[in-house]
Amino acid sequence: LVIFDTTLRDGEQAPGIALSPDDKVAIATQLARLKVDVIEAGFAASSPGDHTSVKRIATEVHGPVIASLARTVPTDIDQAADALRNADRARIHVFTSTSPIHMEQMLRKTPAEVLDSIREGVTRARGYVDDVEFSPQDATRSDPDFVVEACRIAVAAGATTINIPDTVGYAIPSDFVALMERVYHDVRGGNTDVIISTHCHDDLGLAVANSLSAIHAGARQIEGAINGIGERAGNTSTEEIIMAIKTRQDYFNVEIQADTTEIFETSRLVSSLTGYPIQFNKAVVGRNAFAHESGIHQHGVLRNRETYEIMDPSDVGQQSQLVLGKHSGRAAFAAALAEMGVTLDEPAFGNAFERFKELADRKGEIGETGLRAGALAMQASIV
Ligand code: KIV
Ligand code: ZN
């Protein structure tokens with residue numbers, strides 16, 4: 001399964017993010033360490049800064065394929081090709097819209113004109129590189145027959161990846177699967193040179209579910225952004241896809257080459273350079289993704305981590321944490337004291353635990369400092 005990361009293109013389109021070329025090179029370098037297969041470095045024609053960023057990444061970052069987005073317009077494609085000139089492996093990602101509302105209101109083109117622009121755009125891109133991706137924007141609100149026709153024209157003109165975007169996050173897994181199956185059978189058919197891809201947005205919170213659902217429909221590329229950043233509610237989260245595939249290998253049965261141990265570092269870098277915080281309970285990379293507070297859970301995890309963890313936190317560069325709070329039990333309290341080198345026998349332990357519970361009820365989480373102060377006071381009172 002090809003992991004196509006668009007943090008630097010669609011991710012950067014999130015409101016308020018503007019990454020400098022240096023920031024983008026730093027993130028692309030980290031994405032190469034994470035071993036994603038394709039980095040969409042930007043939209044070269046969209047600004048001089050983006051052109052510079054794509055060019056620098058194409059020149060300085062090695063390993064993944066480097067892609068630039070381009071509309072079907074000739075100048076976009078020429079700019080993308082120019083920015084990608086130094087890449088070891090370059091991809092031009094050509095897109096136009098296929099839904100009635102986009103064609104009428106944004107492109108102001110007839111369906112026939114849109115089909116012509118796809119033929120011309122993809123052909124022009126193939127004049128520069130062998131690796132061309134085509135996306136029918138707003139595919140999930142388009143007539144499926146028209147999507148198939150548009151994609152067939154793109155393949156005939158030389159596109160090697162057909163990407164189906166759920167641009168406005170409108171799809172539901174079952175209807176997305178139906179569309180992907182149609183594209184797989186009617187566009188790809190037996191042509192093994194063509195890869196079918198997904199690109200989902202999270203307006204209904206379904207981007208990751210929709211993307212994963214397409215694997216059984218034949219999709220072999222998933223597009224996403226680190227921390228799920230992107231337009232409006234964001235894109236499919238790259239790290240969630242990687243960990244879902246790895247954790248449920250038994251179910252998906254597809255291979256990925258990502259180095260999962262780089263996930264946490266990548267997530268933190270993207271968060272700090274974009275200024276977008278990561279929600280505490282975010283899957284895989286959130287502060288609480290491997291934290292346990294309730295007594296029953298802590299007791300289980302102390303016996304065997306797998307009682308409540310389906311991923312090994314070290315696989316993503318994280319660690320398990322037992323957070324001491326009002327829901328915690330005696331086992332975690334004792335383990336925390338032991339880790340600090342404090343041993344209390346009964347009845348001192350029982351008294352300390354009672355006082356800890358009273359404090360936690362008022363304060364929420366009790367950090368190591370509070371615990372240490374309490375334990376020392378307890379020890380002093382025994383002596
Ligand atoms: O969401 C979308 O449709 C896109 C395309 C440009 C692929 O980002
Ligand atoms: Zn998008």
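Author: A term to start with: pLDDT is the predictor's confidence in each residue, from 0 to 100. You need that here because this is a predicted model.

Reader: OK, what pLDDT does the chain average?
Author: The average is 95. A score of at least 70 is reached by 98% of the residues.

Reader: Where in the chain is confidence lowest, and where is it highest?
Author: Lowest is α15, with a mean of 70. Highest is β5, at 99.

Reader: New topic. Which residues surround ligand 1?
Author: R9, D10, H93, F95, S135, Q137, P165, T167, H199 and H201. Two strands, β4 (90-97) and β5 (131-137), each supply at least two residues of that shell.

Reader: How does the shell split by class?
Author: It has 6 polar, 2 charged and 2 nonpolar residues.

Reader: Which atoms of ligand 1 do R9, D10 and H199 sit by?
Author: Oxygen atoms. A polar side-chain atom of R9 is 3.0 Å from an oxygen of ligand 1. For D10, a side-chain N or O atom lies 3.0 Å from a ligand oxygen. For H199, the distance from a side-chain N or O atom to a ligand oxygen is 3.1 Å.

Reader: And how much of ligand 1 does the protein bury?
Author: 96% of the 260 Å² that ligand 1 exposes when taken alone.

Reader: What about pockets? How much space lies in the largest one?
Author: About 410 Å³. It is lined by 17 residues, and the closest to its centre are L322, V323, L324, A336 and E339.

Reader: Which element gives the largest share of that lining?
Author: α13, with 4 residues. β10 (321-322), α13 (330-339) and α15 (368-382) each give at least two. Remember that α15 has the lowest confidence in the chain.

Reader: What classes line the largest pocket?
Author: 10 nonpolar, 4 polar and 3 charged residues.

Reader: Last one: the backbone. Is the peptide bond from E346 to P347 cis or trans?
Author: Cis, with omega near 5 degrees. P347 is in the loop between α13 and α14 (348-363).

Key: Residues are numbered from 1 along each chain as its sequence is written. Chains are lettered from A and ligands numbered from 1 in the order in which they are written. This is a predicted model: local features need pLDDT of at least 70, side-chain atom pairs count only at pLDDT 80 or more; totals for chains, interfaces and linings use all residues. Side-chain values use heavy atoms; hydrogens and water are left out. On a 1 Å grid over the protein atoms alone, a cavity is a set of points where a 1.4 Å probe fits but cannot get out, and a pocket is an open set with protein on both sides within 12 Å along at least five of seven lines; lining residues have an atom within 4 Å of a point. Grid points are joined across faces, edges and corners, and a volume is the space filled by probe spheres set on the points. Ala, Val, Leu, Ile, Met, Phe, Trp, Tyr, Cys and Pro count as nonpolar, Asp, Glu, Lys and Arg as charged, and the others, Gly among them, as polar. A residue is near a molecule or strand if one of its heavy atoms lies within 4 Å of it. A polar contact is a pair of N or O atoms within 3.5 Å; within protein, one must be able to donate a hydrogen and the other to accept it, and residues adjacent in sequence count only if both atoms are side-chain atoms. Accessible areas come from the Shrake-Rupley method with a 1.4 Å probe; for residues, only the protein chains shown count as cover.
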